[in-house]
Amino acid sequence: MAIEYTPARWWNPEDNNFVRCRLCPKRCRIAPDKRGYCGVRKNIGGKLFSLVYGYPAAMHNDPIEKKPLYHFLPGTRIFSIGTLGCNLGCVFCQNDSLSAYGPLENASPRYFSPAEIVDLALRHNCRSIAYTYNEPAVFAEYAADTAKLARQAGLKNVFVTNGFITREAADEIYPFIDAANFDMKGFSEDFYISMCKGTFAPVLESIRFFHSLPGKHLELTNLVIPGKNDSAELVDQYLDWVEQHLGFEIPLHFSAFHPAFEFRSAPPTPPETLYRIAAHAQQRGFKYIHLGNIR
Ligand code: SF4
């Protein structure tokens with residue numbers, strides 16, 4: 001059966017049947033029959049379509065602590081979905097089977113409507129739905145429609161995100177998200193440009209915007225890569241920013257890096273590095289520090 005794609009939101013037509021996507025700060029200008037950088041938004045006949053709306057590539061019933069969220073509905077299950085595609089290009093991606101995908105037009109996945117996702121979450125006794133595994137911004141239409149229905153059904157919504165989204169799109173989506181874990185890749189513009197093929201400022205803006213909305217729960221995760229983002233200076237700049245803009249109550253997760261995808265030149269993060277960062281953050285006054293991925 002032929003796959004039907006869903007019209008995308010957050011774009012405008014340009015000359016010669018090009019389109020301009022406004023969903024994330026990359027703002028791709030996309031030629032006819034081509035996809036944007038994320039690989040899952042395509043210009044078909046001068047209109048932009050989502051290739052992943054309704055086609056999750058991963059779907060699991062997880063403990064909420066796995067997201068990780070340690071201070072939101074603790075001890076409950078969360079129905080988690082993700083699709084293919086990503087709008088950053090982290091060379092150290094720990095989930096590249098989803099973010100760096102094959103030719104999805106050749107796949108024949110089953111379609112899951114937003115209502116079916118909500119129904120599955122309820123049937124699995126989940127209290128919430130997570131938009132996770134890959135970057136949920138690239139399936140924003142699907143996430144937004146599902147989140148609206150989930151809320152009507154009494155479920156909470158969780159974003160596990162890199163924060164690389166335009167304010168325009170965040171304005172529409174974030175109000176339906178109850179809790180989020182934002183991934184802080186490394187606290188510098190240079191890190192985002194050289195390691196993630198993205199930019200830093202929009203991520204900070206998204207975190208601050210989400211935090212400014214009433215009733216939101218926020219946690220942050222930082223993957224600590226030896227020699228890349230683990231210097232005492234960089235960690236302190238990060239902690240300075242969190243202290244100034246978010247406060248000491250924000251739960252901070254520091255995760256160990258393990259060589260993956262295109263970046264294998266750094267060793268796994270020694271546990272001692274994470275213990276040092278945790279002790280320092282606690283000494284500075286941060287209340288909730290969690291370490292992850294230590295093997
Ligand atoms: S969401 Fe995808 S197509 Fe749109 S601007 Fe970002 S990378 Fe480009």
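Reader: Asn43 first: which residue in β6 stands opposite Asn43?
Author: In this predicted model, the residue facing Asn43 is Leu48 of β6.

Reader: And how do β5 and β6 pair, over how many bridges?
Author: They run antiparallel, with four bridges between β5 and β6, the latter being residues 47-50.

Reader: OK, which strands make up that sheet, and in what order?
Author: It's an open sheet of three strands, ordered β1-β6-β5, with antiparallel pairing. The edges are β1 (6-7) and β5 (41-44), each of which pairs on one side only.

Reader: Now helix α6. How many residues does α6 have, and how far does it reach?
Author: Helix α6 covers residues 201-212, so twelve residues, and spans 17 Å from first C-alpha to last, close to the expected 16 Å.

Reader: Which residues of α6 are buried?
Author: Pro202, Val203, Ser206, Ile207 and Phe210. They sit on the same side of α6 because they cover an arc of only 140° around the axis.

Reader: What do those buried residues pack against?
Author: Against α4 (167-173), β11 (179-184) and β12 (217-224).

Reader: And which exposed residues are on the face turned away?
Author: Ala201 and Ser212.

Technical notes:
Residues numbered from 1 in each chain as written. Predicted model: local features only at pLDDT ≥ 70, side-chain atom pairs only at ≥ 80, totals over all residues. Pairing = 2+ DSSP bridges. Helix = DSSP H or I, 4+ residues; strand = E, 2+ residues; numbered from the N terminus. Expected span 1.5 Å × (residues − 1). Buried ≥ 20, exposed ≤ 12 C-beta atoms within 10 Å, placed from the backbone. Arc of directions from axis to C-beta. Contact = placed C-beta atoms within 7 Å.
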